[in-house]
Amino acid sequence: MKYITTINDKKYEIDIDAHGNITVNGEARYVDFLALDGGGLYSVITDKRSLQVVIEEEKSNYSIEVEGRMFEGHVFDERAVLLAQKRGGLGGGSGEVKSPMPGLIVAVTVEIGQPVTKGQTVVILESMKMQNELKAPVDGLIQSISVQKGQSVEKGAALIIIAPPQE
Amino acid sequence: MVRNTAEVKGINKINKVLIANRGEIAVRIIRACRDLGIPTVGVYSDVDRTALHIRYADQAVHIGAPPPRESYLRMEKIIEAAKLTGADAIHPGYGFLAENADFAQLVMDEGLTWIGPPPSAIATMGDKHSARMAVQKYNVPLVPGTEAGLSDEDLFRAAERIGYPVLIKATAGGGGKGMRAVHKPEDFAEAIATARREAESAFGNGDVFLEKLLVNARHIEFQILADMHGNIVHLGERECSIQRRHQKLVEEAPSVVLDEELRERMGQMAINAARSVGYVNAGTIECLVDKDKNYYFLEMNTRLQVEHPVTELVTGVDLVKEQIRIARGRQMTPTESVLQPRGWAMECRINAEDPYANFMPSTGKITTLITPSGPGVRVDSGIYGGSEITPYYDSMIAKLITWGETRSEAMLRMRRALAEYTIMGLKHNIPFHINLLNSFKFIAGQIHTKFVEENFSMTTYETEVSEAEYELAAIAATLYEHRKRQLAGQVVSSGKRDASNWRWVSRWERLQK
């Protein structure tokens, strides 16, 4: 199976054959990869290092933590790469703002139709005694707001959807 | 001369201690009681039935629903729990009721021993304005600022007089809530509204006052111990400049900027500040120190501090044991102030907060926990594998403390311990600490209270990320994806496998008959 994997802005062609042999950009690599807890903790032994890594995945978007450093990546198979190229490139984030944890909406700082820039505060959520500013993940226009001030929300609740900016 | 209550009342008996708290600090206090052979009573809300402090306490009493107001802040319920179990003393820990003078008074009125300072000292120091008035009489230097109870218009005029930048602080505040820095007049109105709103929701009191914001200042505090016999000493300083939004994240003792002469002067100032309110028991004088080593009194914390372990490691004093000793009316063990701390200690607060997502709090069940150990490592923790972090309480779940002969050794041990520390099931700030311990400025001790906000980033690393690390991350993600797909494939064609599992079960059942 052939994969195209991007880590931050670097691109790797990784091939895994039926026996589990791995090549990276055509070069063979020795890797022993073992789940430690069934919850994202892995032990990786290569010919150079023995490391513990934490892997999180959402729809083939990966966060990999190695010794306190966070790597963001995407894994595509060949077919997905072709499809993505037709759509105009790999990657591109979602404009959905979800509640990262249960809490109370202290304020919604945007209105429907308002243009926002990535990193702008859109909702203030109170949880664990702290007021947390939830930021816009992408540039765009506020398409919908599904919560209001004073409302309690569960973890993962959809709060705001940001549509891509119209050219 | 009759100095105080102990000589009037004689020795207070402490035969059983109720801990009016939860989490790591409740565990810490239970440990001190155990060391002294004193039985303990834990209290818990609905969600803390299986918390570590309840597993460690000798007795446990349920006190209500998860929100603090309905459990850990219910004074009468806690007194009732003490009466029910025969506890004759109450230790409040930090937070919750620790700095509530009414509760301290209630405990004493009910004939129980309060393991903490006199209610009058808590009340005076708890109000930042009356605290300033009290210490001023003892020539304790203060940061220029305003009194409490002023209107927005008066505060705005005062800000012009003091000079920007200014800091808005909640009169009833603590822990950074209701606190806002304002750098220019046009931001003043919005900042004051936010500060008042936060103070109102956190403390039920929206009153605020102003202080001059000292740029690049360090937060340095002195540990005080005082007994009922008039003895009072300081146990040296703690450097707590690594903060984010006024929440301390890393503390160390001693501080790189204090020499013995300055330690003696500041320590004497701290002792004077404590004396100004007739202080007894453990307390902390917080100060700001500017780049020219001018120091100013900030506030007094009339309780045990989160970061007390770093002082314990460089002085050899068990502060919680001393608190109990002092509450019993005995003479405390230390007889002299500490001018030459032994070695160096550092503490990293382990918070359930995601450093990669603006330190957003995180909740969940701890699925895997590997706790560091080895030479020079201490962990004060309230968690265990399988325990649940709920959204009702503070996000600090553990403290990692290391000791070394020198600051370098303490830091190297911290790096080693952080690398060992594995917590799965929720997001936490261990990656933040790992990166901080790689920061050259931090390593050099060039820090101030805005260091994290202004000089530190989680996305740029001071040491280059090697090509091998990128490749390893790529391989790990790809193998994960590959396995996921293989597994998905198996599920689709799993008819046969299910049948075989079923056969195995029935065969096993036949064998058991």
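User: Which exposed residues does the face of α5(B) turned away from its buried side carry, and what makes a residue exposed here?

Analyst: In this predicted model, the face of α5(B) that is turned away from its buried side carries D102(B) and D109(B).

User: Which residues of helix α5 of chain B are buried, and why are they said to line one face of the helix?

Analyst: In α5 (residues 101-109) of chain B, the buried residues are F103(B), A104(B) and V107(B). Viewed down the axis of α5(B), these buried residues fall within an arc of 100°, and therefore they line one face of the helix. An α-helix has 3.6 residues a turn, so residues three or four places apart point the same way.

User: What covers the buried residues of α5(B), and what takes a positive phi just after the helix?

Analyst: The cover of the buried residues of α5(B) includes α4 (75-85), β4 (89-91), β5 (113-114) and α6 (119-126), which belong to chain B. Just after α5(B), the residue with a positive phi, of about 80°, is G111(B).

User: Turning to chain A, what is the order of the strands in the open sheet, and how do you know which strands are at the edges?

Analyst: The nine strands of the open sheet in chain A follow the order β4-β3-β2-β1-β9-β8-β7-β6-β5, with antiparallel pairing. The strands β4 (27-29) and β5 (31-35) of chain A each pair on one side only, and these are the edge strands. From one strand to the next, the twist averages 30°.

User: How do you know that β1(A) pairs with β2(A) and with β9(A)?

Analyst: Two strands pair if at least two bridges are found between them. Six bridges join β1(A) to β2(A), and five join β1(A) to strand β9 (residues 69-77) of chain A, so both pairs meet that cut-off. In each case the strands run antiparallel. Two residues lie between β1(A) and β2(A) in their hairpin, where N8(A) in the turn has a positive phi of about 50°.

User: Which residues make up the covered face of β1(A), and why do they alternate with those of the uncovered face?

Analyst: On strand β1 (residues 2-7) of chain A, the covered face consists of Y3(A), T5(A) and I7(A), and the uncovered one of K2(A), I4(A) and T6(A). In a regular strand the side chains alternate between the two faces of the sheet.

User: What makes β6(A) a partner of both β5(A) and β7(A)?

Analyst: Five bridges join β5(A) to strand β6 (residues 41-46) of chain A, and five bridges join β6(A) to strand β7 (residues 50-58) of chain A; the cut-off is at least two, so β6(A) pairs with both. A35(A) stands opposite Y42(A) in β6(A), and L41(A) stands opposite V54(A) in β7(A). The hairpin of β5(A) and β6(A) has five residues between the strands, with G38(A) taking a positive phi near 70°, whereas the hairpin of β6(A) and β7(A) has three residues between its strands.

User: How many residues of chain B are in contact with chain A, and which element gives the most?

Analyst: On the side of chain B, 37 residues are in contact with 50 residues of chain A. The element that gives the most to this side is α17(B), with 15 residues. The residues of this side divide into 21 nonpolar, eleven polar and five charged.

How values were computed:
Residues are numbered from 1 along each chain as its sequence is written. Chains are lettered from A and ligands numbered from 1 in the order in which they are written. Helices (H or I, at least four residues) and strands (E, at least two) are DSSP runs, numbered from the N terminus. Axes are lines fitted to C-alpha atoms, for helices over the stretch in contact, and angles run from 0 to 180 degrees between N-to-C directions. Two residues are in contact if their C-beta atoms, placed from the backbone, lie within 7 Å. Ala, Val, Leu, Ile, Met, Phe, Trp, Tyr, Cys and Pro count as nonpolar, Asp, Glu, Lys and Arg as charged, and the others, Gly among them, as polar. A residue is buried if 20 or more other C-beta atoms lie within 10 Å of its own, exposed if 12 or fewer, and partly exposed in between; C-beta atoms are placed from the backbone. The arc is that of the directions from the helix axis to the C-beta atoms.
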